[in-house]
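Please read the points below with the structure open beside you, and check each one as you go.

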Amino acid sequence: MKIESKIGKTASNDRQVYAFISNFHNFKDLLPEKRVTGWESSEDRCSFNVEPVGRTGLQIVEKKPYSLVKIASIPEFSSYQFSIWIQLKHVSEQDTRVKITIEPHVNKMLLPMIKVPLKKFADGLINKIETFEF
């Protein structure tokens, strides 16, 4: 099962948004400040604590300039495995559309419990991207 965010719109061009989201040194600014602690990052990997889940890690596994950044959880950091796609669509110089898709790799019994929180998380990231100045 894949969980898709709403489609967001940012007044930045696709190159600016891509440059930002394809580097984990920047990514912390998009996460909820009150729930994320212990942030460590390189350009392609990061790890952090998130309440109430605990320590998790992410790595960029695929990049397509100006259109896609695919992220996967790092097994040694994360007890739950998942993939995240951040897709960008250039509409005009100051109009980029953004969509986030999360695919949790968990037991099917857990899916009903995590679907709503993951949808809220994806939509929350979109809300942050829409108002962010790249």
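1. Thr 101 has its place in strand E8, where strands (E, at least two residues) and helices (H or I, at least four) are DSSP runs numbered from the N terminus. At 6% relative accessibility Thr 101 counts as buried, because buried means under 20% relative accessible area, exposed over 50% and partly exposed in between, with a 1.4 Å probe and protein chains only. Leaving aside neighbours within four places in sequence, Thr 101 is in contact (heavy atoms within 4.5 Å) with Lys 2, Ile 3, Glu 4, Ser 83, Ile 84, Trp 85 and Gln 87.

2. This is a predicted model, in which local features need pLDDT of at least 70 and side-chain atom pairs count only at pLDDT 80 or more, while totals for chains, interfaces and linings use all residues. Residues are numbered from 1 along each chain as its sequence is written, and side-chain values use heavy atoms, with hydrogens and water left out.

3. Beyond its neighbours within four places in sequence, Ile 71 is in contact with residues including Phe 24, Phe 27, Leu 58, Phe 82 and Ile 86.
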